[in-house]
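Dear colleague,

Here is the structure for you to look through. My notes on what was found in it follow below.

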Amino acid sequence: MINYILDAMKIKSIEVVKTPELAYPSEAKLQKFNAEMKNAWHSSGPVANPMTRYSRYSAYRPSWMPKWENFGCVVTAEDGTQGFAVGNHGKPVATIISEYLAPLLIGENCMAIEKIYDMMVRMGSPYGTTGLHSYAVSAIDLALWDLKGKILDLPVYELLGGPAHDDLFCYSTGGDTEWYMNLGFKATKLPSKYGPADGLDGLKKNVDFISSNRELVGDQVELMLDCWMSLDIEHAVRLAEELRPIKLKWIEEILPSEDFDAHGELRSRIPWQTLATGEHWYSTVPFQHAASKHLIDIMQPDINWVGGMTPIVKICAIAEAANISVIPHGGGNTVYGQHACYAMPAIPWTECFIASPPGIPIEDAPRLPGQAFPKNGKMIPTDGPGFGLDIDISKLEILS
């Protein structure tokens, strides 16, 4: 028995594969939705972003974003048990996995996830541990957590210590606020539509947009604003001053993620406003720095980008020591984020980015088979082994 377990603990292979088919509603439902639904908020602009200053790309964020498709990462143990995770940013990240990280990790103890995470971060030293390398680390780390759960026949949230919450309080993100209220959410986050390049007129339009949404949701629903790295300090201070009567719960990702000095200056300029950021921070280092200076009030790592589940646990520890909350970016949109949010006491809320158009119930929006979804603003992750996805990993096509 002991020898069998030791064999099962060795990594036999790490492969990149095509992502599984998403679960969709029936054809009859789709036809009904297509006939009745409105366009989703993100199908056209404006939504402020780092390229807003350039008119060629200012109106529509996806016009300049990478078109790399997601892929799957499969880690196989010696006994044939397989762990699976979705990887982001396509071929560039998949190449880092298949041509660099994977060959160096074959034969490692697949239960030694802390060691393997540390190895992968250090392997990024020749070209930088952030960005695309961190996306690759995330995919392998999450697949290892899935594998560990399957070997031990436990959901990942149990591996993390068990549920820290009775259920997940979910907030919506998007521009179709009235629809989100119909879905039962009690908190919602708006996209900032305009930035500094839009001048005083853009500032006024932003304030009017946010004010109208406050009137729509009333005072009993929390309202937040996502600026997605689109502002500078001067514009952010003016916007925050104008929005002060609206009582936003937080303003998010105001500045370029790497400009820590600017985050410190902004913190001193608008001390009354709760500030959140971190989805474009990689590894634990920036979170440690931000905590030591108390630059922000809410940390927002993305579990598919920051390095996986292993750094999320570390970031939660950093945050708790500094009396800061963690609310992962898009935590409710993946099984990985759902399990992290369910298990970690430092995480009070779960974000659900709503991409489907108004009129399509959440349960009919595309998702991975077996993935949980919110109902009336609440959610509980699936309790199957690993991350609980209902996928036959052996049938996924290996990418060349």
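**Notes on the model**

Asn206 is buried, with a relative accessible area of 0%. This residue sits in helix 9. Please keep in mind that the model is predicted.

Leaving aside neighbours within four places in sequence, Asn206 is in contact with Ser192, Lys193, Tyr194 and Leu239. Leu239 is among the buried residues of helix 10 (residues 233–243), along with His235, Ala236, Val237, Ala240 and Leu243.

**The whole chain**

The protein contains 14 helices and 12 strands. For 400 residues, a compact globule would have a radius of gyration near 21 Å, and the value for this protein, 21 Å, agrees with that. The C-alpha trace spans about 70 × 55 × 45 Å along its principal axes. Of the 400 residues, 55% count as buried. Among contacts with a separation of 6 or more, 70% are between residues 24 or more positions apart.

The exposed surface comes to about 17,800 Å², and carbon and sulfur atoms supply 51% of it. As for charge, there are 33 positive and 48 negative side chains, and the centres of the two sets lie 3 Å apart.

**Cores**

The largest nonpolar core has 90 residues, and Phe84, Met299 and Tyr336 have the most contacts inside it. Helix 6 (residues 132–152) gives the most to this core, with 10 residues. A second, separate core has 23 residues, including Leu203, Phe209, Leu231 and Ile251.

What does Tyr336 touch, not counting residues up to four places away in sequence? The list is Phe84, Ala85, Val86, Leu142, Ile303, Asn304, Met309, Phe387 and Leu389.

Tyr336 belongs to helix 14, where the buried residues are Val335, Tyr336, Gly337, Gln338, His339, Ala340, Cys341, Tyr342 and Ala343. That is nine of the nine residues in this helix (residues 335–343).

Ala340 is also one of the contacts of Ile312, together with Pro301, Ile303 and Val306, leaving aside neighbours within four places in sequence. Ile312 lies in helix 13 (residues 309–321) and is buried, with a relative accessible area of 1%. From Ile312 to Met344 the distance is 9.2 Å, C-alpha to C-alpha, and the two are 32 residues apart in sequence.

Thr277 is found in strand 8 (residues 275–277). Is Thr277 buried or exposed? Thr277 counts as buried because its relative accessibility is 2%, and the cut-off for buried is under 20%. Apart from neighbours within four places in sequence, Thr277 is in contact with Glu253, His263, Ile296, Ile298, Met299 and Gln300.

Arg267 is found in helix 11 (residues 260–269). Although charged side chains of this kind are counted among the positive ones, Arg267 counts as buried, at 14% relative accessibility. Its contacts, leaving aside neighbours within four places in sequence, are Gln273, Leu275, His294, Leu295 and Asp297.

**Two backbone angles to look at**

Most residues other than glycine have a negative phi. Trp228 is not a glycine, yet has a positive phi of about 50°. Its place is in the loop between strand 6 and helix 10. Trp228 is buried, with a relative accessible area of 9%.

Glu253 is likewise not a glycine, and has a positive phi of about 45°. Where is Glu253 found? It is in the loop between strand 7 and helix 11. Glu253 is buried, with a relative accessible area of 0%, and is one of the contacts of Thr277.

Regards

Notes:
Residues numbered from 1 in each chain as written. Predicted model: local features only at pLDDT ≥ 70, side-chain atom pairs only at ≥ 80, totals over all residues. Heavy atoms only, no water. Helix = DSSP H or I, 4+ residues; strand = E, 2+ residues; numbered from the N terminus. Rg over C-alpha atoms; globule rule 2.2 N^0.38 Å. Buried < 20%, exposed > 50% of the residue type's maximum accessible area, 1.4 Å probe, protein only. Contact = heavy atoms within 4.5 Å. Areas by Shrake-Rupley, 256 points an atom, 1.4 Å probe, with all protein chains shown as cover. Charge placed at Lys NZ, Arg CZ, Asp CG, Glu CD. Core = buried A, V, L, I, M, F, W, Y, C linked by side-chain atoms within 4.5 Å.
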